[in-house]
Amino acid sequence: MSTNNRWLLPEGVEELLPPEARRLEALRRRIVDLFDTWGYDLVVPPLIEYLDSLLIGLGYDLDRQTFKLIDPLTGRLLGIRADITPQVARIEAHRLRRMVPVRLCYLGPVLRTQPDAPGGLRNPLQVGIELYGHAGIESDLEVMRLMVETLAVAGLINPYLDLGHVGIYRGLVAQSGLSHDAEAALFDALQRKAVPELEALLASLDLKTELRTMLAALVRLHGGTEILKQAKELLATADTEVKSALTNLRALAEHLSIRLFNCPLHFDLGELRGYAYHTGVVFAAYLPGHGRAVAQGGRYDGVGAVFGHPRPATGFSADLKALLFTAYPPKKSDGIYAPALVDATLDARIHSLRAHGERVVQALPGQSGGPMEMDCSRELVWQLGEWNICEIRS
């Protein structure tokens, strides 16, 4: 690398400068504090682990996204985490091993070999929660409600929720007896919403007419709550797993309409986000005018089985950087500028303001620039025997 471009960062990797870094840290504190009020305990997993531990259980789907290197101390293969969820699952199952419901939260950097979408980042700052030990819809509802509150704390209001259930597709595939290759091709076409390709593939398979019809219907079953009624009719001959999944979605829709009445609900029964490890409902939050989800999650029961402690689980995660940059524009900086004086009264006033959470920047003797250059919209002025805060007129 020449001396002219040593400042370049790897593609898809970014750093934050003032004032965004300050805003990000303030948002991190607010979100972690919010999680605490709901009873979620913070854990801090390591950035790097032995690969066979990092990719076990939930992690096998992350293999292609994980940077790998050799540990010079042991010669074993290490991985830099691409997702914190598997690490939290390991902590809950192996380190905590409690029988009661366990609520954990986390926030930290991850690194991925590829961005999740074109133009995306490879070094997100992942934030999320996981709720272990309860298999009912009440825990899914709690996670979704907290997800919406998290977005509100970030300044993202009026999201709509997109819900699906992997049990519907999984049940139909099991009922069809499809081969691994046929299922993989069907899964790919369904995720791309490639209707002609999907129909041609189904026509080439040796399936009963009713199963072919039900699988083809998944790509069209998306919309409001009316979709659930249509699905009940179109999937009437499906097996118990499919019907149970539909019952689960109807119950969630009923409760969400009460608990999150101001959040529009959208259902997509062909949505198979996280199919490799999710076992039940999957959900994501979207904002009007934004094509990508700002937060997503789902149920993944059985987590911890590889550690001898299987537990039902549900949770959500988001990229804190994405939340920050998607939020409404921040208000103008309202820092307070203090003059470069050695004055006990001024020092006391500055100390008091900082103790109450105010941002006070004191000038340095002989410095260039003034309050506006220091991102201050107010200043301390000596008036009538005391230091008063005055607005700076631009």
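Cys376 counts as buried, because its relative accessibility is 2%. Buried here means under 20% relative accessible area, exposed over 50%, and partly exposed in between, with a 1.4 Å probe and protein chains only. Cys263 also counts as buried, at 5% relative accessibility. Cys376 is in no disulfide, and the nearest cysteine sulfur, that of Cys390, is 14 Å away. The whole structure has zero disulfides, a disulfide being a pair of cysteine sulfur atoms within 2.5 Å.

This is a predicted model: local features need pLDDT of at least 70, side-chain atom pairs count only at pLDDT 80 or more, and totals for chains, interfaces and linings use all residues. Residues are numbered from 1 along each chain as its sequence is written, and side-chain values use heavy atoms, with hydrogens and water left out.

Next, a helix with two sides. Helices (H or I, at least four residues) and strands (E, at least two) are DSSP runs, numbered from the N terminus. In helix H9 (residues 226–234), Ile227, Leu228 and Ala231 are buried. Seen down the axis of H9, the buried residues fall within an arc of 100 degrees, so they line one face of the helix. The arc is taken from the directions from the helix axis to the C-beta atoms. Lys229, Lys232 and Glu233 are exposed on the other side of H9. The buried residues of H9 pack against three elements, listed here.

| Element packed against H9 | Residues |
|---|---|
| Strand S8 | 222–223 |
| Helix H10 | 240–259 |
| Strand S9 | 265–268 |

Now the cores. A nonpolar core is a set of buried Ala, Val, Leu, Ile, Met, Phe, Trp, Tyr and Cys residues joined through side-chain atoms within 4.5 Å. The largest one has 80 residues. Leu161, Leu163, Ile168 and Leu323 have the most contacts inside it. Helix H4 (residues 137–153) gives the largest share of this core, eight residues. Apart from it lies another core of 13 residues, among them Ile84, Val88, Ala89 and Leu104.

What does Leu163 touch, leaving aside its neighbours within four places in sequence? Its contacts (heavy atoms within 4.5 Å) include Met144, Leu249, Leu256, Val281 and Phe283.

Last, a sheet. Three strands form an open sheet in the order S2-S4-S3, with antiparallel pairing. Two strands pair if DSSP finds at least two bridges between them. The edge strands, S2 (48–50) and S3 (67–70), each pair on one side only. Three bridges join S2 to strand S4 (residues 77–80). Tyr50 has Leu78 in S4 as its bridge partner.
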